[in-house]
Structure formats: C-alpha cells, structure tokens
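Dear colleague,

Please find the structure below, together with its sequence.

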Amino acid sequence: MKTPVAFLIFNRPETTRKVFAEIRRAQPPVLLVVADGPRAGRADEVERCRAARAVIEGVDWDCEVLTNYAESNMGCKRRVSSGLNWVFETVEEAIVLEDDCLPHPSFFSFCEELLETYRADERVMMISGDNFQFGRRRTSDSYYFTRFVHIWGWATWRRAWRHYDVEMKLWPELRETNWLADILCHEEAAQYWRQIFELVYTNRIDTWDYQWAFACWSQNGLSVVPEINLVSNIGFGDAATHTRPDSIVNKLENLPTAEMPLPLTHPTYMMRHSEADQFTFQHAIAPEALRRGLYQRLRGKLSTMMSSKN
C-alpha cells in the first residue's frame with residue numbers, strides 16, 4: 001500500500017481498536033491521526049480520550065505517524081474540518097476513516113486504485129467505500145457514480161479538498177437559485193438540502209460533512225460508490241454523537257461488508273446513476289435525517305418562516 005491514511009478519533013477506544021486493526025493490516029506508509037479532546041465537565045472523557053490515543057502506539061510496521069491532537073474539545077465541526085485541512089496540507093491524497101467506520105480489507109486497494117485512476121479528473125471529487133443499496137446491484141461494473149457524498153470511509157485529493165469551506169460562504173449567493181434542483185434532478189431532495197444548508201450556514205448544526213457535500217456540488221462533482229459495501233458503521237451506541245441506539249430508523253447500522261473482486265471493472269461512461277440516487281435519498285439519507293433529529297428542526301424552521309410571512 002502506498003496511500004496515506006487519515007484516522008479521526010475521539011473518545012471511543014473500543015471501536016478505535018477495531019478500526020485500527022484493519023489499518024494495521026493494510027500497513028499504510030503514512031498515518032495521520034486527528035483527535036478531539038475531552039469535553040468540559042466530562043471527567044470520564046479524559047481517560048477515554050487518552051485510551052483512544054494510546055491505540056495509535058500499536059503501530060509496528062514501517063510507518064510515519066503524524067498526530068494532530070486537540071488539548072480540549074473543539075466539537076465535531078471545528079475538529080474534523082481543521083483536522084482534514086491539516087491532512088490535505090500535509091499530503092496530496094488520503095484515505096479517511098473515522099473511529100467507528102470498520103473497513104473490509106479490500107476497501108484500501110479499491111480506494112488506492114481509484115485515487116490513481118481519477119487523480120487528474122476534476123469531475124470526480126471523492127471515492128466512497130459505502131453502498132446503501134441494500135444488496136441491489138446497479139451495474140455490472142465495480143462501481144458507479146453518484147451525486148451523494150458518503151463519508152463512512154472515503155478518500156479524496158488535495159485538489160478536491162481545496163474547495164471545502166466549513167463556513168459555506170458561497171451559500172447566500174446560491175440560496176435563491178435553482179442550483180440544487182439542477183444538480184440533484186429531484187425537487188424533494190433539493191428542498192431537503194436547501195434547509196440543511198441553511199441550518200449549517202446559520203450554525204444550528206455542529207457538523208462538518210454537509211459542508212463537504214456543498215463543496216462537491218458547488219463544483220458539479222461526482223462521487224464513486226462501490227457496487228459492494230466495503231465499510232460498516234459500528235458506532236451506533238450511547239457514546240455516539242449522531243448514530244444513537246434509540247434511532248427511529250437503524251437499518252444503516254452494522255451493514256455487512258464483502259470483498260471487492262479484482263481486477264476492478266471500470267464504467268465506460270461517467271454520469272450519475274439517477275435510480276440509485278433516488279433510492280439512496282429515500283432509504284438512507286432520509287432515515288439518517290430522522291436519526292439526527294433533522295426533520296424536527298426542519299419542520300420548526302419552516303413553521304417559523306411561515307409565521308413570519310403571515
């Protein structure tokens with residue numbers, strides 16, 4: 001393996017060990033570790049953060065380990081965004097894993113080959129290891145293209161990440177246009193994402209990933225999705241920020257993974273798979289919104305907007 005791996009950790013040593021074991025099996029030449037610090041008033045997190053960082057001491061292969069550790073808690077938005085900025089200031093491309101995203105061993109070779117294949121192709125913004133089609137194959141190839149941004153195990157290049165802006169300063173310019181409907185070709189999805197971006201822009205959601213979707217779409221970019229799911233989110237539990245066990249919908253939990261056959265079969269054309277995208281929105285993105293409580297927030301925002309017009 002030749003590609004650097006970025007590993008995002010926090011306060012879950014148990015899942016961190018499991019994901020680290022797969023990174024250790026892949027033996028990347030460079031490991032960049034980004035860690036958030038314990039939250040104020042949470043004495044238990046001091047030890048848990050320390051234990052999670054101690055996992056990295058298990059590197060026993062020829063590897064340059066670079067660390068970016070926060071002394072105190074920065075929160076999801078600031079810690080991940082600043083950490084990934086550091087990653088792509090340091091290396092030209094990387095495979096990115098969070099501490100609850102357990103990859104199949106073939107995930108690494110899949111990402112590595114496609115990082116090379118599309119390195120100079122500005123149309124492709126990222127490579128994902130996630131497939132949320134629940135066993136449905138969309139093509140006879142190894143992967144297809146999507147508009148959606150799946151970040152439970154992914155990879156990208158500095159040339160794509162340079163478009164990322166955690167503050168989404170372009171949003172006011174694009175807010176009142178038909179840009180999202182043109183990009184997504186799905187009015188329900190466009191309405192959903194308009195509200196999401198407004199909540200993010202006005203600092204009512206503490207996250208970093210919606211800004212990455214915004215960056216990719218602002219460049220009319222595509223993402224690669226494998227025809228076989230290569231990463232399983234094992235982070236559903238009481239310690240999770242978003243993936244809680246009492247979720248209304250939990251079918252994204254612990255999705256099975258399988259080996260990606262080699263050699264990869266590449267598509268002969270480059271366009272998004274609209275049927276797969278519609279399925280993803282209805283069966284993965286909308287349930288994830290329920291899990292995060294975003295629909296409740298969207299309804300509240302819409303009610304406020306309607307009241308102000310009356």
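**Strands, helices and buried residues**

Strands E2 and E3 are paired in the parallel sense, with six bridges between them. Please bear in mind throughout that the model is predicted.

On its pairing with E1, strand E2 has five bridges, again in the parallel sense. Here Ala6 stands opposite Leu32 of E2. The chain passes from E1 through helix H1 to E2, and this β-α-β crossover is right-handed.

How many of the six residues of E2 are buried? Six of the six are, so the strand is largely enclosed by the rest of the structure. Val30, Leu32 and Val34 point one way from E2, while Leu31, Val33 and Ala35 point the other way. The residues on both sides are buried.

These strands belong to an open sheet of eight strands, in the order E3-E2-E1-E4-E8-E6-E9-E7, with mixed pairing. Its edge strands are E3 (64-69) and E7 (143-146), each of which pairs on one side only. From one strand to the next, the twist averages 25 degrees.

Elsewhere in the sheet, E6 (residues 124-128) and E9 (residues 222-226) run parallel and are joined by three bridges. Within this pairing, Ile127 has Val224 of E9 as its bridge partner. Helix H4 (residues 106-117) packs on the sheet, where it touches E1 (5-9), E4 (93-98), E6, E7, E8 (154-157) and E9. The direction of H4 makes about 150 degrees with that of E4.

Helix H1, which connects E1 to E2, deserves a description of its own. It covers residues 13-26, 14 residues in number. From its first C-alpha to its last, H1 reaches 20 Å, close to the 20 Å expected at 1.5 Å a residue. Which residues of H1 are buried? They are Pro13, Thr15, Thr16, Val19, Phe20, Glu22 and Ile23. An α-helix has 3.6 residues a turn, so residues three or four places apart point the same way. The buried residues of H1 pack against E1, E2 (30-35), helix H2 (43-54), E4, E5 (101-103) and H4. After H1 comes Gln27, whose phi is positive, near 55 degrees.

Is Thr90 buried, partly exposed or exposed? Its relative accessibility is 35%, so Thr90 counts as partly exposed, since that class lies between 20% and 50%. Leaving aside neighbours within four places in sequence, Thr90 is in contact with Leu32, Leu66 and Arg158. Thr90 and Leu32 are 58 residues apart along the chain, yet their C-alpha atoms are separated by 9.0 Å.

Finally, a word on the cysteines. Cys63 has a relative accessible area of 16% and is therefore buried, as the limit is under 20%. Cys111 is also buried, at 0% relative accessibility. The count of disulfides comes to zero, where a pair of cysteine sulfur atoms would have to lie within 2.5 Å.

Yours sincerely,
A colleague

Note on methods. Residues numbered from 1 in each chain as written. Predicted model: local features only at pLDDT ≥ 70, side-chain atom pairs only at ≥ 80, totals over all residues. Heavy atoms only, no water. Pairing = 2+ DSSP bridges. Helix = DSSP H or I, 4+ residues; strand = E, 2+ residues; numbered from the N terminus. Axes fitted to C-alpha atoms, helices over the stretch in contact; angles between N-to-C directions. Contact = heavy atoms within 4.5 Å. Buried < 20%, exposed > 50% of the residue type's maximum accessible area, 1.4 Å probe, protein only. Expected span 1.5 Å × (residues − 1). Right-handed = clockwise from strand over helix to strand, strands pointing away.
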